[in-house]
Amino acid sequence: MKELDLKYPTCPIRNVLSRFSDKWSLLVLCILFPNKTMRYGEIKNAIPDISQKMLTNTLKNLEEYNLITRVAYAEIPPRVEYSVTEVGKSFMPAVEIMINWAQENFEEVSK
């Protein structure tokens, strides 16, 4: 789990955004959100350029931060499903605004 920013321990922006501001977390949330539940392999197939290690770490972090849930079924073969939590769902409108902004401004920003 990421530690609190000790210089600014009460700053919600620094201490919340740092939890999912890496390269993959928002992408995983965007893949999971419209699909309700997905298995690991489905997520991996939807993001072909993520390594197995990074996907595993990203899923663990998002679960630790209460943005996704992981449900393991005692079956043979084992089945694990991931879904976005209510906290994660409440975050998605802000993510959608960022996605729209990025699409509208991509050319200007990437000059």
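1. N66 lies in the loop between α4 (52-64) and β2 (68-73), in a model that is predicted. Helices (H or I, at least four residues) and strands (E, at least two) are DSSP runs, numbered from the N terminus. Phi of N66 is near 65 degrees, a positive value in a residue other than glycine. At 41% relative accessibility, N66 is partly exposed; buried means under 20% relative accessible area, exposed over 50%, and partly exposed in between (1.4 Å probe, protein chains only).

2. K36 also has a positive phi, near 65 degrees, and is not a glycine. The residue sits in the loop between α2 and β1 (37-39). With a relative accessible area of 61%, K36 is exposed.

3. Residues are numbered from 1 along each chain as its sequence is written, and side-chain values use heavy atoms, with hydrogens and water left out. Because the model is predicted, local features need pLDDT of at least 70 and side-chain atom pairs count only at pLDDT 80 or more, while totals for chains, interfaces and linings use all residues.

4. The end C-alpha atoms of α4 are 18 Å apart, which agrees with the 18 Å its 13 residues should span at 1.5 Å a residue; the expected span is 1.5 Å times one less than the number of residues. Its buried residues are L55, T58, L59 and L62. The face turned away from the buried side carries the exposed residues K53 and K60. The buried residues of α4 pack against α2, α3 (40-46), β2 and β3, where contact means heavy atoms within 4.5 Å.

5. The largest nonpolar core has 22 residues, and L29, L32 and I43 have the most contacts inside it. Such a core is a set of buried Ala, Val, Leu, Ile, Met, Phe, Trp, Tyr and Cys residues joined through side-chain atoms within 4.5 Å. α2 (25-35), α4, β3 (79-84) and α5 (86-109) each give two or more residues to this core, with α2 giving the most, four. Beyond its neighbours within four places in sequence, L29 is in contact with L62, L67, I68, V84, F91 and M92.

6. E81, in strand β3, is buried at 17% relative accessible area. Its side chain makes polar contacts with the side chains of Y73 (3.2 Å) and R79 (2.9 Å). A polar contact is a pair of N or O atoms within 3.5 Å; within protein, one must be able to donate a hydrogen and the other to accept it, and residues adjacent in sequence count only if both atoms are side-chain atoms.

7. The peptide bond from I76 to P77 is cis, with omega near -5 degrees. P77 lies in the loop between β2 and β3.
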